[in-house]
Amino acid sequence: MYTIGIDIGGTKIKFGMFDEQNKIVKVEVIKTPKEAVLETMIETISAMGNEGEIQGIGIATAGIIDIEKGVITSAANIPAFVNLPLKTSLEMEFHVPVMIANDANSAALAEGNEGVAKKVSNFISLTIGTGIGGGIIQDNKLVHGTSGFGGEAGHMVIVHNGRTCGCGRKGCWETYASGRALERMIQENPALASKKMQPKDLFLNYNSNDACKEIIDTFVDYLSVGILNLQYTMDPEMIVVGGGVIDSSDHWWHLLQEKITATSTIPINIRQAQLKNDASMIGAGYLTKK
Ligand code: ADP
Ligand code: ZN
């Protein structure tokens with residue numbers, strides 16, 4: 001018997017087929033469809049396994065999800081998926097349980113089952129990518145919260161009346177400590193913007209360019225404040241940090257650790273995520289097993 005784990009992103013959708021030991025036996029990648037979404041999803045899943053072989057389907061996705069109904073209620077990058085009866089359609093087609101969760105929540109499940117937080121029962125996982133995603137694992141279970149917003153740490157307000165966030169509120173953490181925040185700080189500096197710098201270039205030029213150093217120091221500052229807020233709130237055994245910005249971690253991880261050690265009065269254990277690009281798909285494979 002197999003489980004299907006799916007990661008829906010703005011440009012591509014990854015389908016993984018997992019055996020009973022959770023080993024990946026097949027992966028299929030398709031371009032994110034702009035129409036005929038349900039038909040495309042059903043077709044791709046059907047092509048992966050025979051009727052009766054599949055025992056559950058988990059879906060990790062960007063956007064805001066109504067977990068109970070299994071519907072993506074809003075998602076800027078995947079408009080064709082919004083308000084589709086994804087869960088009920090797939091359940092009717094395949095006669096197996098289908099579960100949808102936020103991609104950062106799924107990444108947390110993956111790290112807990114197979115990654116750096118394996119054997120850790122209480123931890124928080126953060127993905128520092130375009131925004132900041134989060135997932136909370138409490139007693140080995142994902143915390144969905146009352147309305148499915150559990151772990152949305154990127155939208156905790158870190159600057160009262162601060163910068164406007166994509167969510168419409170002001171001062172959210174992800175407007176100060178994400179990949180997009182780094183891109184914004186580059187654009188606000190004409191000298192760096194004219195060089196068409198990318199976030200990774202800031203890290204590479206940390207020691208030779210004062211403007212780059214200032215941006216990175218500001219980024220690490222805000223990152224550390226948010227991480228410490230989470231530690232003081234939940235007191236987890238571990239805080240796992242992943243996402244696109246971690247690809248430059250050789251240049252900033254020590255800065256984050258120094259900052260955290262200098263400003264925390266309680267023990268904190270921060271670790272880098274292990275599973276990188278496939279984390280959400282792997283985590284999706286565990287969604288119907290919990
Ligand atoms: P998404 O958030 O869409 O899932 P990623 O996790 O890949 O995507 O994160 C994308 C963000 O990470 C972008 O803002 C990008 O500028 C930034 N980023 C990508 N690679 C690096 C890198 N090597 N160093 C620092 N930042 C990076
Ligand atoms: Zn926000």
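**Exercise 1. Find the polar contacts of ligand 1.** Which side chain has an N or O atom 2.5 Å from a nitrogen atom of ligand 1?

*Solution.* Step 1: apply the cut-off for a polar contact, a pair of N or O atoms within 3.5 Å. Step 2: take the side chains. An N or O atom of the Ser 248 side chain lies 2.5 Å from a nitrogen atom of ligand 1. Taken alone, ligand 1 exposes 570 Å², and the protein buries 60% of that (Shrake-Rupley method, 1.4 Å probe). Step 3: take the backbone. A polar backbone atom of Thr 130 is 2.8 Å from an oxygen atom of ligand 1. For Gly 244, a backbone N or O atom is 2.9 Å from an oxygen atom of ligand 1.

This is a predicted model: local features need pLDDT of at least 70, side-chain atom pairs count only at pLDDT 80 or more, and totals for chains, interfaces and linings use all residues. Residues are numbered from 1 along each chain as its sequence is written, chains are lettered from A and ligands numbered from 1 in the order in which they are written, and side-chain values use heavy atoms, with hydrogens and water left out.

**Exercise 2. Describe the shell around ligand 1.** How do its residues divide into nonpolar, polar and charged?

*Solution.* Step 1: collect the residues with a heavy atom within 4 Å of the ligand. There are 13 around ligand 1, and Gly 129, Thr 130, Glu 183, Gly 244 and Ser 248 come nearest. Step 2: sort them. Three are nonpolar, six polar and four charged; Gly counts as polar. Step 3: locate the helices (DSSP runs of H or I, at least four residues). Helix H4 (179-187) and helix H6 (199-204) each supply at least two residues of this shell.

**Exercise 3. Assign the zinc geometry.** Which residues coordinate the zinc ion (ligand 2)?

*Solution.* Step 1: list the donors (N, O and S atoms within 2.8 Å of the metal; 3.2 Å for Na, K and Ca). They are His 155 (ND1), Cys 165 (SG), Cys 167 (SG) and Cys 172 (SG), at 2.0 to 2.4 Å. Step 2: read the spacing, H-x9-C-x1-C-x4-C. Step 3: check the angles. They run from 107 to 117°, so the arrangement is tetrahedral (four donors, all angles between 85 and 135 degrees). Step 4: compare accessibility (buried is under 20% relative accessible area, exposed over 50%, partly exposed in between; 1.4 Å probe, protein chains only). Cys 165 is buried because its relative accessibility is 5%. Cys 167 is partly exposed, at 38%.

Terms used. A polar contact is a pair of N or O atoms within 3.5 Å; within protein, one must be able to donate a hydrogen and the other to accept it, and residues adjacent in sequence count only if both atoms are side-chain atoms. Four donors count as tetrahedral if all angles lie between 85 and 135 degrees; four count as square planar and six as octahedral if opposite donors are over 155 degrees apart and all others between 65 and 115; anything else is irregular.
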